[in-house]
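Have the structure open as you read along.

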Amino acid sequence: MAEIRTEQMNTEKVSTAAQNAVPEAKGMEIITLEPQKKAQKEKAPILRVAAYARVSHETEMDSFDAQVGYYTTFIEGQTGWQLAGIYTDPMISGTSAQKRPGFLQMVKDCEDGKIDLILCKSISRFARNTMDTLTYVRHLQNQGADIIFETNGIDTRDAYSEMMLTVWAAFAQEESRSISENTKWGIRKRFEEGVARWCKIYGYRKGNDGSQYEIVPEEAENIRLIFALADRGKSIDQIKKELEERNIPTPTGKTAWTRSNIHKMLRNEKYVGDLKLQKFYTE
């Protein structure tokens, strides 16, 4: 068996030999790494933001004006936002979208790609019908327009928004239904008691009690003339001509009478002292 011997190698010689061997290595590629340049952040696009405001009654007009003014100032004051329009439906019920011209115009502008985001005070301002709410929210999202309902704390850009939207929309519809039922109950009770709701009609004015009809003498003379001419066998066209020749103004102050106005007067039971209730049905 051979004897094992330990030899101390010269570190300096090994290091020099290794350095000399590197350039001679075959197939070895030297790669030079350069510092990576940071990607420049793209400028955020301008967000076209609109707002929708609606009230049902004249008593809410102060709130309506406040909404319009608030959203105009708020949107114009946001960096990166551009005011795309304030869409309004004053004194119009939210139970049907088809009866709200401002709402429909907003939907059309979304379809035309003019709006990116819509601000609305609450779901009840947007719609009082669950189906309308969900249908239009989804439709507007498909057109690239999201909605923020401030009072309800819902932003349709959030993944959980639709669940909350469904719940709040159902609440808004039920609230509207409850108000409607209470209103109709009050109207029916007044009908049973023989108390009519005030309706503006030529020849009468509102009484001091707010519900009774009080005769306006100067207008009553024109009504009596129309009925007297009809009683003599005059046609509606002949009555129209007679009124215009006497320079008698129409109920709206115009000089030219229409056949429909005269026809409605002759068929209105209030002019003979009667008051017929529940003649019409509103869906």
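In this predicted model, let us begin with helix H3 (residues 101–111) and helix H5 (residues 130–142), whose axes come within 9 Å and cross at roughly 30 degrees. Because angles under 35 degrees count as roughly parallel, H3 is roughly parallel to H5. Their crossing is left-handed. On the H3 side, the contact is made by Phe103, Leu104, Val107, Cys110 and Glu111, which meet Tyr136, His139 and Leu140 of H5. Sorted by class, the residues of this contact are six nonpolar, one polar and one charged.

Now turn to H8 and helix H9 (residues 259–267), with axes that come within 10 Å and cross at roughly 105 degrees. H8 and H9 are therefore roughly perpendicular to each other. Here Ile236, Asp237, Ile239, Lys240 and Leu243 of H8 meet Arg259, Ile262, His263 and Leu266 of H9. This contact of H8 with H9 divides into five nonpolar, one polar and three charged residues.

Here are the two pairs in one view:

| Helix pair | Axes come within | Crossing angle |
|---|---|---|
| H3 and H5 | 9 Å | roughly 30 degrees |
| H8 and H9 | 10 Å | roughly 105 degrees |

One more stop is serine 235, found in the loop between helix H7 (217–231) and helix H8 (236–245). Is serine 235 buried, exposed or partly exposed? With a relative accessible area of 34%, serine 235 is partly exposed.

Key:
Residues numbered from 1 in each chain as written. Predicted model: local features only at pLDDT ≥ 70, side-chain atom pairs only at ≥ 80, totals over all residues. Heavy atoms only, no water. Helix = DSSP H or I, 4+ residues; strand = E, 2+ residues; numbered from the N terminus. Buried < 20%, exposed > 50% of the residue type's maximum accessible area, 1.4 Å probe, protein only. Axes fitted to C-alpha atoms, helices over the stretch in contact; angles between N-to-C directions. Parallel < 35°, antiparallel > 145°, perpendicular 65-115°, else oblique. Contact = heavy atoms within 4.5 Å. Nonpolar A, V, L, I, M, F, W, Y, C, P; charged D, E, K, R; others polar. Left-handed = near helix turned anticlockwise from the far one by under 90°.
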